[in-house]
2 protein chains.
Amino acid sequence: MENKLKIGLIGLGTVGCGVVKTLCAFPQIEIVKAAVRNLNKKRDVEVRCITDDPFEIVNDPEIDVVVEVAGGVNPAFDLLKTAIKNKKHIVTANKELLAKHGAELFDLANEYNVAILYEAAVAGGIPIIMPIKTTLKGNKFKKVAGILNGTTNYILTQMEEKGISYQECLKEAQELGYAEADPTGDVEGFDTMYKIATLANITFNKRIDVTKIHREGITNISAQDIKFADELGYKIKLIALAQDNDGQIDVRVHPMLVSKSNVISGINNALNAVMLEGFPVGQVMFTGPGAGEFPTASSVVGDILAIDAEFGKCETILPMTRCHHREMAVQTDILDTKNSYYISITAPNAMGVIGVIGTACGENKINISSVLQKGTQKDGTAQIIVITEECSERDIQNAIEELKKQSIKINNLIRVM
Amino acid sequence: MENKLKIGLIGLGTVGCGVVKTLCAFPQIEIVKAAVRNLNKKRDVEVRCITDDPFEIVNDPEIDVVVEVAGGVNPAFDLLKTAIKNKKHIVTANKELLAKHGAELFDLANEYNVAILYEAAVAGGIPIIMPIKTTLKGNKFKKVAGILNGTTNYILTQMEEKGISYQECLKEAQELGYAEADPTGDVEGFDTMYKIATLANITFNKRIDVTKIHREGITNISAQDIKFADELGYKIKLIALAQDNDGQIDVRVHPMLVSKSNVISGINNALNAVMLEGFPVGQVMFTGPGAGEFPTASSVVGDILAIDAEFGKCETILPMTRCHHREMAVQTDILDTKNSYYISITAPNAMGVIGVIGTACGENKINISSVLQKGTQKDGTAQIIVITEECSERDIQNAIEELKKQSIKINNLIRVM
């Protein structure tokens with residue numbers, strides 16, 4: 001009994017309950033106390049002691065490991081700082097907290113010689129943090145990219161399969177529990193941004209300023225964009241990416257057209273995928289469920305068992321997991337990135353419009369790779385899709401401004417992967 | 001200097017050279033000696049000391065970790081046993097040795113309290129051993145399956161893309177260095193069998209008898225099989241699988257028709273993929289380069305760095321990686337498995353043949369799911385493809401015997417995933 005690893009759980013929602021159920025199979029681990037927001041809420045799990053004061057958990061001398069699955073920055077930040085100062089190891093699924101205050105937490109954890117594990121904070125059940133920190137440790141990474149949010153990927157997949165609008169799809173997703181009542185965190189790309197910040201942090205061993213990450217969500221993607229992309233051989237996905245361009249780190253989140261020949265285009269519904277590119281490994285990709293009670297519990301419990309394996313046996317538990325880097329990344333401004341673009345244009349009439357587009361692009365050093373004209377509408381307007389070759393974001397924005405001045409309506413501008 | 005982790009390398013071929021080159025970036029690791037077969041062979045790497053006696057490595061008191069990338073059972077087995085008894089940690093890429101003698105090595109390693117790491121022994125650069133042992137440790141696995149051999153996957157992909165025969169493809173693969181002069185180990189499925197034995201071992205925590213694994217290679221796959229499969233919506237892949245059927249472990253290696261809707265069907269050329277299914281995680285899949293100098297070096301170096309991180313700091317280095325299970329798996333006989341089947345049949349004439357096939361299947365409790373008759377040949381024979389519903393291997397073998405008795409030629413019988 002005395003040798004059991006003692007867990008204090010902060011949060012007993014979906015993930016917390018999954019953790020309790022999963023840990024039943026591991027008698028060497030004991031959840032001694034859980035903190036909840038509402039003591040009276042019915043739950044389908046039992047914990048020895050329940051409190052509505054999470055500080056009881058982080059200050060409890062009996063507890064060895066604090067497992068935080070409540071989310072949000074406050075009071076989680078204060079709670080985890082207190083826990084670390086009380087020499088407790090941390091397991092957290094809190095992507096927002098890590099993205100915003102990871103650096104302070106990792107420094108504090110090093111000072112107090114405790115581990116912070118957070119496999120569940122990125123890509124749910126997919127093992128990605130531990131592989132980067134252990135098996136792939138010998139690599140110098142060039143790029144990490146993928147689909148990190150199940151809600152938006154579900155919506156985009158359903159829009160494509162059913163040919164319906166974003167709004168209709170969101171409503172359906174909310175009814176099915178795939179999207180929250182306030183979907184902002186998912187559909188505007190915040191959740192994905194927090195996750196890529198953490199991935200970039202450990203992939204490039206530099207600190208990422210989350211406020212400098214270019215972020216666009218999926219709310220502007222129309223059923224028509226998805227249809228046109230399909231005709232051109234692409235799917236539209238919300239992509240997170242971070243790449244090292246000669247020491248500058250380009251980190252961003254936005255929808256992209258992904259070629260159907262790229263396996264990422266086949267990652268559908270609530271699945272997530274993370275692709276890593278580095279030397280010497282080349283390219284590896286991990287796919288699986290990016291969220292949900294049990295997949296997330298799998299990662300949380302994996303972290304707890306990793307601590308348990310070394311607890312009391314090593315002067316430093318899981319040294320490979322520690323973040324010792326302190327250098328801030330120089331992050332690339334989106335205007336300085338180079339991309340190929342999809343431009344959806346509505347022009348007052350087809351006559352001469354392709355010439356105008358060609359001139360605006362040419363004057364901004366942009367080469368057009370393909371043009372798709374979708375006939376003329378009843379009102380005389382023409383629908384035109386342009387795919388450019390790789391050019392700078394600054395140049396494409398200038399060309400777009402130019403086109404707008406000439407009464408050409410830009411329906412959407414989407415980068416191509 | 002004195003704090004460097006000291007490596008002794010056995011084998012300085014492709015992988016060994018990749019390891020030396022990769023370790024250049026890690027000054028905390030020092031390769032003190034390498035054992036080679038031929039001292040006079042030109043190599044593009046330098047090692048402080050080279051010997052042609054590998055026992056010099058395993059008996060060298062200066063060496064902390066023995067890295068074995070020479071392959072084969074002899075003398076590797078004796079070498080590693082000696083190294084373990086000399087309290088050296090082991091990193092090996094030797095899939096055959098682990099499959100045949102892993103149990104003895106793991107027991108010995110536990111006795112002498114050293115770690116044996118072997119990320120490179122399965123799926124090259126893809127992190128799979130460490131994720132199963134750490135991040136996914138909380139799971140009870142139901143199944144592990146995938147494509148574990150790059151050579152055969154390359155051949156099958158090229159047969160499909162070029163519509164050419166196995167023999168032509170093998171020759172090309174040999175010329176390009178994708179296949180060895182004696183390709184038996186790859187094309188007959190031995191390499192894949194060794195790898196699935198190790199995966200099954202750690203996934204189900206039971207010892208696998210490699211001699212009881214049903215194994216078929218790809219030498220009987222014809223260009224026609226690939227073409228017919230394609231018409232029916234499948235690709236043909238050499239699949240390794242291990243699944244837990246109520247405590248019995250069904251482990252096997254054979255070609256399978258994989259539906260084009262299954263992402264495994266899209267893993268082409270030298271890529272490998274490993275799919276894991278368990279609770280609570282659900283399904284996760286890992287893809288990447290399954291072989292080659294640098295991908296394999298990535299895994300070997302990851303293991304070396306994992307030992308380095310804990311070396312001298314823990315009473316037990318990397319306790320999560322240890323194999324403590326001693327129970328032998330009860331392995332399912334192939335005749336007791338259930339599968340859906342592709343049967344390619346040449347019949348003396350089309351008339352009445354489908355009736356004969358239907359009767360043979362019906363009498364053996366086999367339901368036919370689809371039949372594809374490919375016209376009548378010049379010689380009057382008819383080519384017929386049958387896909388069955390799931391039935392027992394015993395029943396299908398009986399039906400095949402029955403058909404053969406009636407002068408019906410069975411060109412191939414391939415299981416369907």
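## The largest cavity

The residues that line the largest cavity comprise nine nonpolar, four polar and two charged ones. Here Ala, Val, Leu, Ile, Met, Phe, Trp, Tyr, Cys and Pro count as nonpolar, Asp, Glu, Lys and Arg as charged, and the others, Gly among them, as polar. The model is a predicted one, in which local features need pLDDT of at least 70, side-chain atom pairs count only at pLDDT 80 or more, and totals for chains, interfaces and linings use all residues. Residues are numbered from 1 along each chain as its sequence is written, chains are lettered from A and ligands numbered from 1 in the order in which they are written, and side-chain values use heavy atoms, with hydrogens and water left out.

The structure holds seven cavities of 30 Å³ or more, and the largest cavity contains about 160 Å³ of space. It has 15 lining residues, of which A:Thr134, A:Glu310, A:Leu318, B:Thr134 and B:Leu318 are the closest to its centre. Helix α11 (293–310) of chain A and α11 (293–310) of chain B each supply at least two residues of this lining. A cavity is a set of points, on a 1 Å grid over the protein atoms alone, where a 1.4 Å probe fits but cannot get out; lining residues have an atom within 4 Å of a point. Grid points are joined across faces, edges and corners, and a volume is the space filled by probe spheres set on the points. Helices (H or I, at least four residues) and strands (E, at least two) are DSSP runs, numbered from the N terminus.

## Two copies of the chain

Chain A is superposed on chain B by a rotation of 180° with 0.0 Å of shift along its axis, and the RMSD is 0.0 Å. The two copies are therefore related as by a two-fold rotation axis. The same surface serves both copies, since 100% of the contact residues of chain A recur in chain B. The superposition is by least squares on the C-alpha atoms of residues with pLDDT of at least 70 in both copies, and contact means heavy atoms within 4.5 Å.

## The nonpolar core

In soluble globular proteins, nonpolar side chains tend to be buried together. The largest nonpolar core of this model has 168 residues. Those with the most contacts inside it are A:Ile128, A:Ile196, A:Leu199, B:Ile128, B:Ile196 and B:Leu199. A nonpolar core is a set of buried Ala, Val, Leu, Ile, Met, Phe, Trp, Tyr and Cys residues joined through side-chain atoms within 4.5 Å. Buried means under 20% relative accessible area, exposed over 50%, and partly exposed in between (1.4 Å probe, protein chains only).

What is A:Leu199 in contact with, leaving aside its neighbours within four places in sequence? The residues are A:Val122, A:Ile128, A:Ile129, A:Ile132, A:Val144, A:Leu148 and A:Val274.

## A covered helix

Helix α1 (residues 14–23) of chain B is mostly covered, with eight of its ten residues buried. Among them are B:Val15, B:Cys17, B:Val19, B:Val20 and B:Leu23. The buried residues of α1(B) pack against β1 (5–10), β2 (29–35) and α11 of chain B.

## Backbone exceptions

Most residues other than glycine have a negative phi, and most peptide bonds are trans. The peptide bond from A:Phe279 to A:Pro280 is cis, with omega near 10°; A:Pro280 lies in the loop between β11 (271–279) and β12 (282–289) of chain A. Another cis bond joins B:Asn74 and B:Pro75, with omega about 5°, and B:Pro75 lies in the loop between β4 (65–68) and α3 (76–85) of chain B.

B:Ala123 has a positive phi, near 65°, and sits in the loop between β6 (116–117) and α5 (129–133) of chain B. It counts as buried because its relative accessibility is 0%. B:Asn205 also has a positive phi, of about 55°, and is found in the loop between α9 (190–204) and β8 (214–215) of chain B. At 43% relative accessibility, B:Asn205 counts as partly exposed.

## A buried asparagine

B:Asn412 is placed in strand β18 (residues 409–416) of chain B and is buried, with a relative accessible area of 11%. B:Asn412 and B:Asn220 are 192 residues apart in sequence, yet 7.5 Å apart in space, C-alpha to C-alpha. Not counting residues up to four places away in sequence, B:Asn412 touches B:Asn220, B:Ile221, B:Asp225, B:Tyr342, B:Ile343 and B:Ser344.

Key
1 Å grid on protein atoms, 1.4 Å probe; cavity = no way out; pocket = protein on both sides within 12 Å on 5 of 7 lines; lining within 4 Å.
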